[in-house]
Amino acid sequence: MDPNLALPADLPAPIDDGAAAHLVEMRLPDVSLAATDGTRVSLAKCAGRTVVFAYPRTGEPGKPNLVPDWDVIPGARGCTPQACGFRDLHEDLKARGVAQVHGLSTQTSAYQREAVERLHLPFTLLSDASRAYAMAVRLPTFETAGTILLRRLTLVIDDGVVTKVFYPVFPPDRSAADVIAWLDAEAMKP
């Protein structure tokens, strides 16, 4: 098994600090983000249902973590397993009416393209390297080793308005399955 996909059993769970509560029912601002396919995406203009999972950063094979104690930072570890979960359940999400899926981090598009290719992701990753989007939306962040990273969360967006926020996301490898469970529960409501 790929070591980037195995999560330690003692991974610390993040707590809900309320930093994403303001996102529910927010009409997203029209901020254009660089996508790994070379296009620009404004989540405010995406038609239909969009799922966006924000994550701190994907690892690079053969390179150490950003900091030696990465695994003890609640919510930091698990970006690759989270992305692979959305990859593996991508068709299930589409079958439930999700028009598009995107990952979002503060990494550059060049860095993200490596992850898309290596992990065979059927969706784009969006770069907020300048943090313009994170600041406009007030996404929760954390700082380590002088780098500001996004806290892990998942948004369900309908025609530019946030319908559901999953925050904190834990464990990260269940993120896509949690979205599907929510979509199924919503579909059962009268």
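Mentor: Start at Ala34, whose bridge partner in β2 is Arg40. Strands β1 (residues 32-35) and β2 run antiparallel to each other and pair over three bridges. Strands here are DSSP runs of E with at least two residues, helices are runs of H or I with at least four, and both are numbered from the N terminus. Two strands count as paired if DSSP finds at least two bridges between them.

Before we go on, keep in mind that this is a predicted model: local features need pLDDT of at least 70 and side-chain atom pairs count only at pLDDT 80 or more, while totals for chains, interfaces and linings use all residues. Residues are numbered from 1 along each chain as its sequence is written, and side-chain values use heavy atoms, leaving out hydrogens and water.

Now step back to the whole sheet. It's an open one of seven strands with mixed pairing, in the order β2-β1-β5-β4-β3-β8-β9. The edges belong to β2 (40-42) and β9; each has a single partner strand, so one side of each has no neighbour in the sheet. From one strand to the next, the twist averages 35°.

What lies on the sheet? Helix α3 (residues 109-119) lies across β1, β4 and β5 (124-127), at about 160° to β5. Helix α5 packs on the sheet too, touching β3, β4, β8 and β9, and its direction makes about 120° with that of β9. Those angles run from 0 to 180 degrees between N-to-C directions, using axes fitted to C-alpha atoms, for helices over the stretch in contact.

Let's stay with α5. It has 14 residues (175-188) and reaches 20 Å from its first C-alpha to its last, close to the 20 Å expected; that expected span is 1.5 Å times one less than the number of residues. Its buried residues include Val179, Ile180 and Trp182. Buried means under 20% relative accessible area, exposed is over 50% and partly exposed is in between, using a 1.4 Å probe and protein chains only. Among the partners of α5's buried residues are α1 (79-88) and α2 (90-95).

That brings us to α1: eight of its ten residues are buried, so it is largely enclosed by the rest of the structure. Its buried residues pack against β3, α2, β4, α3, β8 and α5. Finally, His90 lies in α2 and is buried at 10% relative accessible area. Beyond neighbours within four places in sequence, His90 is in contact (heavy atoms within 4.5 Å) with Val101, Pro122 and Phe123.
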